[in-house]
Amino acid sequence: MDSAAPDGPDRRSKRDLEEGIQRDFTRKMSYGDYLRLDTLLSAQQPLSEPPQHDELLFIIQHQTSELWLKLLIHELRSARSLLKADELAPALKRLARVKHIQHTLTDQWSVLATLTPSEYAEIRPFLAASSGFQSAQYREVEFLLGNKNPDMVAVFSHDEGARSALDALLHEPSLYDEFLAYLARRGYAVPAGLLDRDWTQPYRHDEGLVDVFAAVYAQPDEHWGVYETCEELVDLEDNFQQWRFRHLQVVQRTIGQKTGTGGSTGVDFLRRALDLTFFPELYEVRTRIGG
């Protein structure tokens, strides 16, 4: 006997397909076709022997990070081009998206942190000399933000595509460089040495630029677009530093003070990265505000 009231709700755990839902994909592109899921989902090829349960986590963590880095590069390149074209509003939209991508990348470390030292020790021998240090896309992001290092290009001499992309970015203005050029075109007194320099070299702090930003922060309402961009860039660097620190923490809890698989000193090498900065004047100006 049916215990439900005749006119009561149907509580079956089933949802019938609507008539209009597509079922035949012999001549139409499906979700899997568009995303090339056959290629994407076959790219996880664990190497451990005997197979280790946690290797799939390690692979997917890094593969998905590379996908997000690809989008990050796409958005940063676009923001840089928009600044060069004096289109500040859409450039800020790109940077807003960049910040959300950064949050996702940082949050992912919490998944890898579930890998205990004992579990990682079962996987590590199969990584050989591979290391996140060798991520060409990560280096592209750093170059786009201004952390230029010509020595890094040689690390990718085995991969002509990656080497060529990094070398091109090495010789191009960074996002910050294009922002300063934008300011100069708007009449701000950006020091000339920052507008015509060797782009292959790391950016160097300039006290004259701090003066420019101090004037902006003193009267934000009169410089709102520039003021907002400054704060967006500070957010971006802050997010980047959080990513670096989270990376350091996960490595420390997983391998302690061991040498990295790529030959670096591991935790000590990662800790030194926390001293790097992309936009030094945007931090120094804070010392002056209300001083």
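## Second largest cavity

L145, G146, K148, S174, Y176, D177, R197, Y203 and F278 line the second largest cavity. A cavity is a set of points on a 1 Å grid over the protein atoms alone where a 1.4 Å probe fits but cannot get out; lining residues have an atom within 4 Å of a point. By class, 4 are nonpolar, 2 polar and 3 charged. Nonpolar covers Ala, Val, Leu, Ile, Met, Phe, Trp, Tyr, Cys and Pro; charged covers Asp, Glu, Lys and Arg; the others, Gly among them, are polar. The space is about 40 Å³, a volume being that filled by probe spheres set on the points.

This is a predicted model: local features need pLDDT of at least 70, side-chain atom pairs pLDDT 80 or more, while totals for chains, interfaces and linings use all residues. Residues are numbered from 1 along each chain, and side-chain values use heavy atoms, without hydrogens and water.

## Largest cavity

The structure holds 2 cavities of 30 Å³ or more. The largest has about 70 Å³ of space. Its lining is L69, L72, Q102, L105, Y138, V141, N239, F240 and W243. Helices α3 (55–84), α4, α6 (136–145) and α12 each give two or more residues. Helices are DSSP runs (H or I, at least four residues), numbered from the N terminus. The largest share, 3 residues, comes from α12. The lining has 7 nonpolar, 2 polar and no charged residues.

## Helices α4 and α12

The axes of α4 (residues 88–112) and α12 (residues 224–255) come within 10 Å and cross at roughly 15°. Therefore α4 is roughly parallel to α12 (angles under 35 degrees). Axes are lines fitted to C-alpha atoms over the stretch in contact, with angles from 0 to 180 degrees between N-to-C directions. Their contact has 14 nonpolar, 9 polar and 5 charged residues.

Definitions and conventions: Parallel < 35°, antiparallel > 145°, perpendicular 65-115°, else oblique. 1 Å grid on protein atoms, 1.4 Å probe; cavity = no way out; pocket = protein on both sides within 12 Å on 5 of 7 lines; lining within 4 Å.
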